[in-house]
Amino acid sequence: MTHEIGDGEQAIVDTKALEKFAQAARRTLQEQVAARLDRVLTTDSAELRGRADTLRELRAQIRQSSRQAVVERAAYTWFNRFCALRFMDVNRYTPLGVVSPAASFTQPEILQEAKQGVIDDDLARFVDRGAVADLLSGRRRSSDPQGEAYRLLLVAACNQLHETMPFMFEPIADATELLLPDDLLSASSILQDVRDALTPDACPDVEVIGWLYQFYVAEKKNEVFASLKQGRKIAAEDIPAATQLFTPHWIVRYLVENSLGRLWLLNRPGSRLAEQMPYYIAPLEPETDFLRISSPEEIRLGDPAAGSGHMLTYAFDLLYLIYEEEGYNPPDIPRLILQQNLVGIEIDERAGALAAFALTMKARGRDRRFLRRGVRPDICVLRPVAVTEQELNEAPWFRALGASLVDLPVQDALLHDLALFAQVDTIGSLLQPQLMSNRG
């Protein structure tokens, strides 16, 4: 398919190839993670005896959910990270290729450098240089010394990225690390599949990560709908897979251009922004009833069902043009957009992480120092909060409001709304608070 990107260029992305890759990768990773899980739960080794706490945590996760749920979660986590790392490697947002080889090499650049005795000082804060060197020199016995060394470097790179993108790279010091697949360096490895699918031609825009997410969960979505047809209920954790749709790019442009773009043109009649908006429909009659703004920093655009951030990333492109038109300093614009303009809400933690990553990549594409600025996208992932009436009555803030809550309908509405928040990860933006409707 062909899709337009923010600066007006045309990029050709073969979504059929991405779909084939994502669905095959899901099956491969689940098989490899399941095999790894069986091995760590049944093997007695000095290494695993030293990870007793992590093994207890892993068994507790299986008891709390199921073995399959643990496998699915770990498989997706690694798929997500492999694809994110490949995207950053291709666009040179990482100092060294974490999953990608340098030109004329076949192994990841980060491993190739380590074999030459070079480990970046920043990365060295997260990895034992001596352990890597011992593996690569043969001083430490291993059936797969290069593979084991690479695992240490890969985990270290993810933990390093946690400092700048905690939403995407949670610290790996738990069961997730234990369930990292074994074969990462061979020509038939999952990382080679990632590199083959995410070629430089497929990575002109971070939108590709959203496509991959949709394709990855497609089989799960089919399974959920098959269960529905058989009369079975959908589990709460399966709702995201069943309800998420990737909005086509032209619809995203139409919606954003005729909301954000329209607002700007109403406030700046002399703006040339319309020249960059092919889906904009100019009003037939002059308008006088619209929100008045004096600068782009006053604009606040929210997506109550952000998904992987497709709407927000195009809004970023349009806002960048608006700030440029107003004469802002280019290095300041990405930071201002994320701090002042864009908000996303999502019920699926995985999709919310992708939306935050997508906006971060948009900002990094415009500002090469962005990852050092400590700015994070405003993406809110809704999580259930259960509050009983007794807990509410005992809360100091509620007692302090007691005099103003003598109106019983107001108290009832508040209790109703708080009860809804126990299901907010299911209801999401469909939540309709009674308290707001009782304000009049």
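The model is predicted, so local features need pLDDT of at least 70 and side-chain atom pairs count only at pLDDT 80 or more, while totals for chains, interfaces and linings use all residues. Residues are numbered from 1 along each chain as its sequence is written, and side-chain values use heavy atoms, with hydrogens and water left out.

**The nonpolar cores**

- The largest nonpolar core has 75 residues, and Phe79, Phe82, Leu154 and Phe357 touch the most other members. Such a core is a set of buried Ala, Val, Leu, Ile, Met, Phe, Trp, Tyr and Cys residues joined through side-chain atoms within 4.5 Å.
- Helix α4 (residues 67-90) gives the most to this core, namely 13 residues; helices here are DSSP runs (H or I, at least four residues), numbered from the N terminus.
- Setting aside residues up to four places away in sequence, Phe82 has contacts that include Leu29, Val99, Leu154 and Leu180, where contact means heavy atoms within 4.5 Å.
- A second, separate core holds 37 residues, among them Ile293, Leu312, Tyr320 and Phe370.
- As background, nonpolar side chains tend to be buried together in soluble globular proteins.

- Phe87 lies in helix α4 and is buried, at 3% relative accessible area. Buried means under 20% relative accessible area, exposed over 50%, and partly exposed in between (1.4 Å probe, protein chains only).
- Beyond its neighbours within four places in sequence, Phe87 is in contact with residues including Tyr93, Asp205, Phe357 and Met361.
- Phe87 and Asp205 are 118 residues apart along the chain, and their C-alpha atoms are separated by 9.0 Å.
- Asp205 sits in the loop between α10 (190-197) and α11 (207-229), and is buried too, with a relative accessible area of 10%.
- A polar atom of the Asp205 side chain lies 3.0 Å from the backbone nitrogen of Glu207.

**Helices α14 and α15**

- Helix α14 (residues 310-325) packs against helix α15 (residues 333-341) at an angle of about 115 degrees, with axes 10 Å apart. Axes are lines fitted to C-alpha atoms over the stretch in contact, and angles run from 0 to 180 degrees between N-to-C directions.
- Residues that meet here include Phe316, Leu319 and Tyr320 in α14, and Ile333, Pro334 and Leu336 in α15.

**Ile427**

- Ile427 is found in helix α20 (residues 424-427) and is partly exposed, with a relative accessible area of 21%.
- Ile427 and Ile347 are 80 residues apart in sequence and 8.2 Å apart in space, C-alpha to C-alpha.

Definitions and conventions:
Helix = DSSP H or I, 4+ residues; strand = E, 2+ residues; numbered from the N terminus. Polar contact = N/O pair within 3.5 Å; in protein donor to acceptor, adjacent residues only side chain to side chain.
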